[in-house]
Amino acid sequence: MTSNRVAAGTDIGGSAANQLNGPIGIFVDVNLDLYVADCFNNRIQLSHPGESYGITVAGNGSLNPTITLYIPSGIILDADKYLFIVDCFGHRIVGSDLNGFRCLAACYGSGSQSNQLFSPLSFSFDRSGNIFVADQGNSRIQKFLLMKDSFAESCNQPKLCSTATWNSNAVTFANQSIVGSKPRAIFVNTNNTIYVANREENTILIWHEESVNPTKITHDNFTQPNSLFVTSNNDIYIDDGEKNGRVQKWIAETNNFVTVMNVKSSCWGLSVDINNTLYCSMLQHHQVVKRSLNNSLMVSDCVAAGTGIGGPDSNQFFFPHGIFVDVNLDLYVTDCLNERVQLFQLRESNGITVAGSKSQNPTITLDCPTGIILDADKYLFIVDQDSSRIVRSDLNGFRCLLGCYGSGSQSNQLFGPLSLSFDRFGNVFVLDQDNHRIQKFKYFEESCGNNSLVIETMYSSSLTSNSSIYFQDCSELDSYYEALQMNVNITGYYTFLINSEMKTMYAYTYTNNFNPFHVSKNVLSYSGDFGNQGQLKLTAVLEANMKYVLVMTTSSSNVTANVSIYGSGRGYIAFNRICEYI
C-alpha cells in the first residue's frame, strides 16, 4: 500500500488551470483521461495522464462557448465521448452533442414535480439509455426514460452549404381537387412521408415515399385544422381548436384519436419538443402555450411565450402563426403582424428578434411571416406570406429563396403561402394557400458540390452618351444604362463585384428580359445606394440554361464612366451586350 499520487489539483483551492475548488464527481475513460466536476469553479476539467494542468471542457472559462454551469457535481461520457453533467444548483441534467450543449432533463426549474429536480448530486445510465438521478433535495431517485419518439428524429433539418440552390420552378405535388380550398397544414417526416390536412373534408392525407395517391384518415371529431405535427412513431397531433377547443392525437398503433390538450382557440402552429412537450400557437390570443405529454393529467396549459394581449413589445405577439422548437428547447415564433420572427430561450419571457422588424442586426424586411424551420446549422427558412415568398439566412445574411418573382400562380410564384417543410433530400414543400396547392421545389444537390472550385469571369464596358436611357420608377430622372445578357452552364450561387468611376451606381439582375419602361418587372436581385463610391457587390442564384439580364446604371443624368465586372461562381458566366430593347 504505497502512498497516493496526485491525479489533479494542488491541495490549495483555486481557479487556475492546475487547481480545483470543491471537486465532486469524476469520470475516467479508457484513455485514462480524467474528467472532474469542479464544483465551486462552475466548470468541468479534463486532465490528461501525466499532465498537471487541466483543460476546461464545459462551463466557466472554457476555450469555446459551451454552457453556463452552477455547481456541477456529476460527470459521465457516452460512447462518442459526449459529456453528460449534473448541474446541481441549476437543478438539471445537461449534455453535449454535435450541436453543442443543451438541457436534457429537468429543464423546467427546481421543484418536486415529475419533470423537475432539486439539487441533484449524481446520476447513471442503464443499458437502454435511461437516466437515473440521485435527486438529493427531494430525497428520491428519479428515472428519466430515453425518448425515442423525439422531434429531432421526426423533422427534416438538412445539412446545407451557403451556396445551396433550389429549382425556382416548382412542380405541383397536389392541387385543390386533392387538398381542398386554402390548405393550412403540412408536415414531411424523416421517412419522407407527407402529411396534409384537408380542411374542407376534415381529413388527413398521407403520401408514403414515392406514392402517387394519398391514404386518407378521416375522423368526425376534428374540424377545419390549421396545423399538424407528426412524431417519429407516426403519431399525428392535429389542431381541433376552432370549434372544439382541443388538440387531438391520432395514435398510429391503435388507429384512434385522443384529446391531449385543451385550448382556447385554434392552434396555427403545433410542435412537440425532445422532452415530449406539446406547443400550440394561438393566433387570436397572441400567445404560445405548452403542456407536458408525460403528465397523464390534463392540467392547465403553461404559457411558453406571449402575454395574451397583442402588442409589439419583446414579450408580446400580434397574431403569432408557425412555431419551431429546436433541440436546445429554443422557441422560434413567426409574429405575423409585428412582421418579425421571435426567439424565446428556455425560461425567458422576453423574445429576441432574429429576423424582420426591429431586429438587432440588419436582416430582411418581412410582411406577415407565418412559417419557420431551421436547418442543421440553425439557419432560418421563413415563409413570408404577404410577400408570397420563402426567404432564408446563411453565412451571407438573408435572401429570397423561392417565389422571388412576385405573387401569382406560375410555377415560379406563390400566392399567400402559409408553411413549409423539407423532405430528407432537401427538397422544399410549400403550402401555397391561396393557390390551393402544394408546391415542391427541387433541391440541386450539385449546388453544394466542389465549392472550393470558383470560376471567375471578367467583363469591361463603359456608359457613354450613346448608351441607352433608363427611366427609374417614380422618378423623372433618366440615366444611362448598359444591359448584358447572362447565361451560366452550372446552377449555383454567383457573386458580381462591380467597379466604376461613378460615385453612385446601381446594378440589377432580371430573369428572362428587361423592360426599360417597366424596370421593376422581373427583378431578381439588386445592389447600390447613394455614395457607394463606385464599388458594389451583387449576388444571385442563377440556373443553368436560363436567360438573365444584368443592368448597370446611375442615379444622375448625363453621367458617363468606365465599368468593370468580376463575376465568380461554380461555372463560367457568358456576358453578351444587349444593343436594343428586348
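A disulfide is a pair of cysteine sulfur atoms within 2.5 Å. It is a covalent bond between the sulfur atoms of two cysteines. This model is predicted. A search of the whole structure finds four disulfides.

**Cys 103 and Cys 107**
- A disulfide joins Cys 103 to Cys 107, with 2.1 Å from S to S. That distance is within the 2.5 Å cut-off, so the pair counts as a disulfide.
- The link of Cys 103 and Cys 107 is left-handed, with -105° about the S-S bond.
- Cys 103 and Cys 107 are both buried.

**Cys 267 and Cys 280**
- The sulfur atoms of Cys 267 and Cys 280 lie 2.0 Å apart and form a disulfide.
- Why is this disulfide left-handed? The torsion about the S-S bond of Cys 267 and Cys 280 is about -100°, so the disulfide is left-handed.
- Cys 267 sits in strand S22 (residues 267-272), while Cys 280 sits in strand S23 (residues 277-282). The pair therefore ties together parts that are 13 residues apart in sequence.
- Cys 267 and Cys 280 are buried.

**Cys 336 and Cys 368**
- Cys 336 is joined to Cys 368 by a disulfide, with 1.8 Å from S to S.
- With -90° about the S-S bond, this link of Cys 336 and Cys 368 is left-handed.
- Cys 336 lies in the loop between strand S27 (331-335) and strand S28 (340-344). Cys 368 lies in the loop between strand S29 (352-356) and strand S30 (369-374). The pair of Cys 336 and Cys 368 therefore ties together parts that are 32 residues apart in sequence.
- Both Cys 336 and Cys 368 are buried.

**Cysteines without a disulfide**
- Cys 39 is in no disulfide. Its nearest cysteine sulfur is that of Cys 88, 6.9 Å away.
- Cys 39 counts as buried because its relative accessibility is 2%, and buried means under 20%.
- Cys 88 is also in no disulfide. The nearest cysteine sulfur to Cys 88 is that of Cys 39, 6.9 Å away.
- Cys 88 has 5% relative accessibility, so Cys 88 counts as buried.

- Which residues does the annotation "repeat: NHL" cover? According to the unreviewed UniProt entry, this annotation covers residues 413-444.
- The span of residues 413-444 is 0% helix and 50% strand.
- The end C-alpha atoms of residues 413-444 lie 18 Å apart.

Definitions and conventions:
Residues numbered from 1 in each chain as written. Predicted model: local features only at pLDDT ≥ 70, side-chain atom pairs only at ≥ 80, totals over all residues. Heavy atoms only, no water. UniProt positions renumbered as here; feature names shortened; annotations may be inferred. Helix = DSSP H or I, 4+ residues; strand = E, 2+ residues; numbered from the N terminus. Buried < 20%, exposed > 50% of the residue type's maximum accessible area, 1.4 Å probe, protein only.
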